Amino acid sequence: MTRAVALGVAVFLIALPGEAQEKSDVPTQSPRSGSVEFRLGGYRPQLDAEEGVEGAPFSEVFGASNLLLFEVELQRFFYQGIGTAGVSLSLGYAEKYASALLPSGGRAQERTGFHVLPVRVRGVYRFDYPAFRWGIPVVPYVKPGLVYMPWWITKGGEPEDLADGKASGGKLGWEVSGGVSFLLDVLEPRLARDFDSDLGVNHSYLFAEYTYAKVNNFGGPGFNLSDSYWMFGLALDY
Amino acid sequence: MRTLLITAAVLVSTAASAQSGVQVNLRFANGAETVRVSPGDCASRRVVVTWTSTGTACQELALWLTEGTECKDTADAQTTRRSLTSVPQTTLNTARTGTFEFNVSELPFSGAAGDGGTRSCGVGDVEQEFRVCGSTKATELFSGACSTTVTKASPGKLTYDSKPPAPPTIDAVSQLDEALRVEVSGASDVNQVRLVVLRDGAEVTRKTQGLDVGPIQVEDLENEVTYQLEAYGIDAAGNESTTASTAEGTPIKTLGFYEKYRQSGGKETGGCGATGGGLAGSAMLAVLGFWLSSRRNRS
């Protein structure tokens, strides 16, 4: 059964290029200078992995589920030849709330929250030459770069500052993301052309990307906001 | 053709006749049709009423206050009334709008002290409707004669309310760290809630807020101490309920994530860090610089 499905997908992908090829050389296509991406995924900082931390305070307070991270990214291309290269700037937000703990154990009626606002500056390389040259609608890409992640913690809606510590800050780190985009133009070539002529959107993609992020001030003390996670989203070239 | 001309003449004259009437509106501040006053207003509050008119009147605009909900044709026709200064005919027809005032203490209560009764402005536990009434007569368009029909103004509605609302109900008290959150619900006539916090019978603090704002949170309390809570209702006229709903609450120590993390040996002390913030800022400026200076490329 699995083989049959795989075979079907392969046949579908092979059949698509011809369709895409026909449309990719449209003479009236507008200039392409960048891309905007919207993505969503589950993020879970490795706060319990910090050296010297006993137990798992993050898991104990917030449980085992991930934070839902939403990000918007703007890319600007500086090379379009054998693939496309550029730089990107992205901004995201994620939060998680849970009941605070009682010193004796158990849950309090008060709520505590953890919030992050990741800012990423990355290089982008997309291997989209086969997509535009031969109409293969799959575009692999890689995005290495820096991430700066402001964070803050609340209790009862207020910052949970202590006498010996501020419940907000920022962490710097590096990361690499790799992913695969599926060029949606091949599904509706005419609609894609209209999208370009009406709104200047050259191509649209659905993508899945995997990020490996080390966000701990390059090994400094304190929070370890590192994680490896998947994100999924929509990209629009303009 | 003749029939057509006659029909047109009739229609034109009908329309003109419809325009010959006079219309007067009496409204309170900000165009409000209603206003509520309380016993506290009796001492010195003056109520301002704005009149507006359209059409042509052939006599002054007579004005009066009356108890109840009905304005009759004249002040004399009302059982309980207090006449106010009229608006002259010329002013009514030229200025088209103006104001007049009266004291809340002038409200004409039936069964007032002067009549051997006990009702008057300032007396408690009363909810009584009053009307600010006015009347005039219109000038007929073609004849120029004064109409025999009285035109009554659209009245202003005033409620004297000294009846305290029922006390609100304390539905829940949440125990927070050095604070209590109190959920209160009340009857429809309760606008605000006053929460009084007591410790061993002595008032510690009080807080007043709108009923529809949400739970009342009282801060800066002591953990592990039981406080008594009294909730009073306040209505739109400012009357406060004479009795209160009561409950008790005890703030308790709670651990948010950060305190739990620090207790577990975590070393994070917050702050952005000059290095991290500087690097991130520089990187972002570099990207933005590239962004602005880069040339558009074709795909």
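How many helices and strands are there in chain B? In this predicted model, chain B holds 4 helices and 16 strands, while chain A has 4 helices and 10 strands. When chain A is read along its sequence, these elements follow one another in the pattern α-β-α-β-β-β-β-α-β-β-β-α-β-β. Of the 238 residues in chain A, 42% are buried, and of the 299 residues of chain B, 31% count as buried. Contacts that reach across the sequence are also described for each chain. In chain A, residues 24 or more positions apart account for 67% of the contacts with a separation of 6 or more; in chain B, 68% of the contacts between residues at least 6 apart in sequence join residues at least 24 apart.

The confidence of the prediction was considered next. For the complex, the predictor gives an ipTM of 0.84 together with a pTM of 0.70. Chain A has a mean pLDDT of 89, with 88% of its residues reaching 70 or more, and chain B has a mean pLDDT of 85, with 83% of its residues reaching 70 or more. In chain B, the pLDDT is below 50 over residues 12–19, a stretch that has 3 contacts in the model beyond near neighbours in sequence. The pLDDT is likewise below 50 over residues 295–299 of chain B, where the model has 14 contacts beyond near neighbours in sequence. In chain A, pLDDT stays under 50 over residues 17–26, for which the model has 20 contacts beyond four places in sequence. Where pLDDT is low, the predicted coordinates should not be read in detail.

Within chain A, strand 2 takes part in two of the pairings described here. Strand 1, made of residues 34–43, runs antiparallel to strand 2 and is joined to it by 10 bridges, and in this pairing Phe38(A) stands opposite Val72(A) of strand 2. Strand 2 and strand 3 of chain A also pair in the antiparallel sense, over 11 bridges, with Gln75(A) standing opposite Ser88(A) of strand 3. Strand 2 and strand 3 of chain A form a hairpin, and 1 residue lies between them.

Chain B contains an open sheet of 4 strands, in the order 13-12-15-16 and with antiparallel pairing. Strand 13 (202–210) and strand 16 (245–249) of chain B each have a single partner strand, so one side of each is left without a neighbour in the sheet. Neighbouring strands of this sheet are turned against each other by 25 degrees on average, direction ignored. Strand 12 (residues 192–199) and strand 15 (residues 227–234) of chain B run antiparallel and are joined by 7 bridges, and Leu195(B) stands opposite Ala231(B) in strand 15. Another open sheet of chain B is formed by 3 strands in the order 1-3-6, with antiparallel pairing. Its edge strands are strand 1 (23–27) and strand 6 (97–103) of chain B, each of which pairs on one side only, and the twist averages 25 degrees from one strand to the next. Strand 3 (residues 46–54) of chain B is joined to strand 6 by 7 bridges and runs antiparallel to strand 6; Thr52(B) stands opposite Thr97(B) in strand 6.

The contact between the chains takes 52 residues from chain A and 40 residues from chain B. Several elements of chain A each supply at least two residues of the side that touches chain B, among them helix 2 (57–62), strand 2 (67–81), strand 3 (83–101) and strand 6 (138–155). The residues on this side of chain A divide into 26 nonpolar, 15 polar and 11 charged.

The largest nonpolar core has 31 residues, and those with the most contacts inside it are Val147(A), Met149(A), Trp151(A), Ile153(A), Leu225(A) and Phe257(B). Two or more residues of this core come from each of helix 2, strand 3, strand 4, strand 6 and strand 9 (203–215) of chain A, and likewise from helix 3 (257–263) of chain B. Strand 6 of chain A gives the most to this core, with 7 residues. Not counting residues up to four places away in sequence, Leu225(A) touches several residues, including Pro45(A), Val116(A), Met149(A) and Trp151(A). A second, separate core of 29 residues includes Val24(B), Val49(B), Ala57(B) and Phe109(B).

Terms used: Residues numbered from 1 in each chain as written. Chains lettered and ligands numbered in written order. Predicted model: local features only at pLDDT ≥ 70, side-chain atom pairs only at ≥ 80, totals over all residues. Buried ≥ 20, exposed ≤ 12 C-beta atoms within 10 Å, placed from the backbone. Contact = placed C-beta atoms within 7 Å. Nonpolar A, V, L, I, M, F, W, Y, C, P; charged D, E, K, R; others polar. pLDDT = per-residue confidence, 0-100. Pairing = 2+ DSSP bridges. Axes fitted to C-alpha atoms, helices over the stretch in contact; angles between N-to-C directions. Core = buried A, V, L, I, M, F, W, Y, C linked by C-beta atoms within 7 Å.
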